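Hi there,

Here is the structure I promised to pass on. Have it open while you read, and my notes follow below.

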Amino acid sequence: MASHPASFHLPIVARARLRRTAVIVNKGKAPLPFGPLLVGLDSYAMIGARVAMPENVMQLEIPKVYTPESIEPRWARIWVERQLYRPRADASRPTYCLVIAPPNITGSLHMGHMLEHTEVDVLMRWRRMSGDDVLWLPGTDHASIATQMIVERELGREALPELEPGPRANSAWQREGQRLRLAMGREKFIERCWKWREANGGTIKRQMERLGASCDWSRERFTMDAAYSRSVIEAFVRLHREGLIYRDRYVVSWCPRCRTALSDLEVIHEERKGKLWFIRYPFEGSQDFVTVATTRPETMLGDAAVALNPQDPKAGRLVGRKLRLPLVDRVIPVIADDFVDPKFGTGAVKITPAHDPNDFAMALRHPTLGWSSVIAPDARIEAADESLGRYRNMDRYEARKAILSDLANQGLLEGERDHALSVGTCQRCKTDIEYLPSMQWFMKMKPLTEPAIEAVRAGRIKIVPENGIKKYLNWMENIHDWCISRQLWWGHRIPAWTCAACDEMVVASERPGTCPKCGTLELRSEEDVLDTWFSSALWPFATLGWPEPSDDLRRFYPNDLMVMGEDILFFWGARMIMMGLKLTGDVPFRELYVHALVRDAERQKMSKTKGNVLDPLEVTEKYGTDAVRFALAASAAPGTDIAFSKDKIESYRAFANKVWNAGRFVLLNAHRLPEAVREQLAVMIQPVAELGYSLVVSSERGNVPASAGEPRPALIDRWIFSRLASVTRETDEALKAFRFHEAAHVVYHFFWHEFCDWYLEWIKPAISSTPLETRPSVHWINLMRVFAAALHLLHPFMPFVTEELANQLPGASGDSLSLQPFELVRSEALDPVSEKQFETIRELVVAVRNAKAERNIHTQKPSAQVASEDGRLLDLLREHQEAILRLAGLEGLNFTRARLAASVERIPVSSSVDLRLFYDSQQDVAAERERLLKEKRKLEQSMTQLQDQLHDEQFLSRAPGEIVRSAERRHQELSAEHRKVVERLEHLNG
């Protein structure tokens, strides 16, 4: 059994902090083996009951409702303060490592974060409990663009405090902040950024701690800390030395608001309704013209040519001629290029190399073309040509209107038509991007993609779900060079210096003393910083000490797992793989799990604009962290977006309360046992190292493990231990495959529907009776073992309520559940025969309950006849008839070895068992018939709707597989209910 030097055993919340009060009466003087329990009780009601007890037994009157707000913060604090989740450097244990997908220091947790952190925490706790030496390494990203924007806005707000908050004020603060940044200089602005980080950068850490993330906070990293920055510089220098990083002038995606270049992945394309304008370009010295179609007339001021496809019939008579560029009166040529789509517009397109990457590539293929930039970094018109004076300093969209007006006045605007556009916007600030020529730093990607592709194809990295592999390979096979420089101040400054005398550029880890070419001392530092994704691409190994050969790097690299959202698979996932293979010679992680998006109940993407955003901290404060975690895990099917709602959280809050109430029932009754019995019980429920728990029977030698030669354990005990072994195995297999929803469903069903609804109800009389034993009964030992194991199963999903209850078990060691074994009942307990026998009994009890409900005789205790041709089956039911009578609410049972005649009101229990009830019928037959007809119509309507949906090809092709399967299951359930209603109507109709 796992242990930890920082052992702890704390009572439940101090009563002074509770809104409700527990009344505790201890008439004896002997100390109790475990602290007072403040819990709730539902179906196991004993509140207000006065039970005769020995004098030294504690009596409790306790509130019913589980209050997570009084428990969760305390455990969250304990886990962090005791540093429970540091790896133990135990060479005998296999290691398991995951480094967090580092959130931006500018943000706070959203539901996507909580889904990811829930999934990771479930896995990390489960791995620890499975015996691994686990490292979950936390940290945050410096978020260059976002942090710089926030600090600039803060400066602007301080300078313009009189503005009322709102969109206009934000824009004004941002502009003023940018001006103040330039005025204060780089060094002071960086100091201001660090101060902001110190004051605000710990928000997500505090939130994660509160939500119970089992990280090793002693290893927390930040992408701008000194050691990590050295790793970034080393990576840049190595890649530059190999020729994989170079500097060149190219047309890049540019954000006019953030004032920096962006990578393609940082540009989000939005579909918008736009226009296609048709403009006449006159031939030089002629009244003829060629009509050009364009969606961006403002860029025509920088046109270098008009192009046609060489296969276009017009090309033969137009290519080579000269045109006069409207409004500018500059001569430009007509050229031919295969890139031009002859079906677009008129087949003739304007070429503006400075403001379109495709046009820039065309200009490289036609080197005689001249070109110039006419849009400035702030998206205003700039040009040296005096003829553009009317448009100079206009915003690009204001200039568009002026240009269209002037073209119309000159008779050169032929027309316009509606046209769908894909407009690129900055991922960070949502501003429409501009394409501008700029000197930037680039990384060659093709040499890096080949080993990264092979690593996935060869299975060295497993991507889950598998549809992520196709997306990954498609992007990697169509990749182009990555612009890694940003025109910002906050970030990792590119380690390059330019000689003021000879323009020699030097890239090095440290600033060189002199120019290596001419020896001058005047070296100018590179102004740009690196793209944040460059530094975060090193995260799996830089966090472990790379490039130094640290112990952590040796033990935990490659990482075992990486978990991320699909939205950063290419931003981050693919780049980590490329950089890991290049710089360390090994994959960065062995498995990559890509989780889905969290959507609202209508499967719409959550957004503040729609007003459907759920704040995880708000919902956890209201419903409890365990409930939210379980709701997320139960919804997390690989490859399927999560439809999330408060209704779903409500249902799992009820489950958390069910766990609490079951614990209250068990532990409250345990308090009623004499002290000596409790002490013996405390010893008997400790799992044996490497063996876990075994089933106990009572024999002449006392309570002993079930084995050959001993009395056979009761069916209920054989069944629950077998189910516990099966559920442990199923949960284990589901988590290995990242099927969180299946694992959650399995433990939910086991705890609520098997442990609570059947096992506890079956043995309730034995443990609720007046405690007169001198030693723990078999019932108590097996119950406490099953309950303790069930808490272990639940712990990865619901750590708070399970930790609280586990630390109230008799003889609790004080160790956290997450440091104790996961598999407490071994596979030897599997007993399919006992499970089948119990299922026969359960089918009978359920059939009786359903029949009583259908006949509206809930409060009656009728007698029943059970008929079957299987004598062994009848013997089984006869052996357990006492429990059947109590659980089914029957007065008596008789057994017939035959099938019931068709003339009687026969209730089918299974293919081999019939049931008949004997009761006082005071039923209004007409009213019952009307009720059943109404129910029949309702069921048929629902079945028809589902049937239509399941025959809809569009639904079948678009809906996730789990949704389709759910609809099919629901249709089967409705069909079964419909058959029962029809059978009941037939019986009423005689």
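The side chain of Asp 216 makes a polar contact with the side chain of Ser 218 at 2.5 Å. A polar contact here is a pair of N or O atoms within 3.5 Å; within protein, one must be able to donate a hydrogen and the other to accept it, and residues adjacent in sequence count only if both atoms are side-chain atoms. Another polar contact, also of 2.5 Å, joins the side chains of Asp 216 and Arg 219. Asp 216 sits in the loop between helix H6 (203–210) and strand S6 (221–222); helices (H or I, at least four residues) and strands (E, at least two) are DSSP runs, numbered from the N terminus. Asp 216 counts as buried because its relative accessibility is 1%. The scale is: buried under 20% relative accessible area, exposed over 50%, partly exposed in between, with a 1.4 Å probe and protein chains only. Leaving aside neighbours within four places in sequence, Asp 216 is in contact (heavy atoms within 4.5 Å) with Tyr 85, Arg 86, Pro 87, Leu 135, Trp 136 and Pro 138.

Before you go further, a word on the source: this is a predicted model, in which local features need pLDDT of at least 70 and side-chain atom pairs count only at pLDDT 80 or more, while totals for chains, interfaces and linings use all residues. Residues are numbered from 1 along each chain as its sequence is written, and side-chain values use heavy atoms, with hydrogens and water left out.

Now the overall picture. The protein has 990 residues, and 55% of them count as buried. Its secondary structure comes to 30 helices and 33 strands. Among contacts with a separation of 6 or more, 78% are between residues 24 or more positions apart. The accessible surface is about 43700 Å², with 49% belonging to carbon and sulfur atoms; these areas come from the Shrake-Rupley method with a 1.4 Å probe, and for residues only the protein chains shown count as cover.

On to the charged pairs. Side chains of opposite charge can pair when their charged atoms come close. Counting a salt bridge as a side-chain nitrogen of Lys or Arg within 4 Å of a carboxyl oxygen of Asp or Glu, the total is 62. Three of them may be worth a look:

- Glu 434 and Arg 396 meet at 2.9 Å, N to O. The pair links distant parts of the chain, with Glu 434 in strand S16 (residues 434–443) and Arg 396 in helix H10 (residues 396–409), 38 residues apart.
- Arg 723 pairs with Glu 835, the closest N and O atoms being 3.5 Å apart. Arg 723 lies in helix H21 (residues 715–736) and Glu 835 in helix H25 (residues 832–854), so the pair ties together parts that are 112 residues apart in sequence. Arg 723 and Glu 835 are buried.
- Glu 270 and Arg 272 meet at 3.2 Å, N to O. Glu 270 is partly exposed at 34% relative accessibility, and Arg 272 is partly exposed at 32%.

What about the sheets? Strands S10, S9 and S15 form an open sheet in the order S10-S9-S15, with antiparallel pairing; two strands pair if DSSP finds at least two bridges between them. Strand S10 (289–294) and strand S15 (413–426) stand at the edges with a single partner each, so one side of each is left without a neighbour in the sheet. S9 (residues 267–282) is joined to S15 by 13 bridges, and Ile 268 stands opposite Thr 425 in S15.

Strand S13 (residues 330–336) is joined to strand S11 (residues 305–308) by 3 bridges, running parallel. S13 is also joined to strand S12 (residues 322–325) by 4 bridges, running antiparallel. S12 and S13 form a hairpin with 4 residues between them, and Leu 327 in the turn has a positive phi of about 75 degrees.

S20 pairs with strand S21 (residues 505–507) in the antiparallel sense over 3 bridges, and Ala 496 stands opposite Val 507. S20 is also joined to strand S22 (residues 523–525) by 3 antiparallel bridges, where Thr 498 has Arg 524 as its bridge partner.

Best wishes
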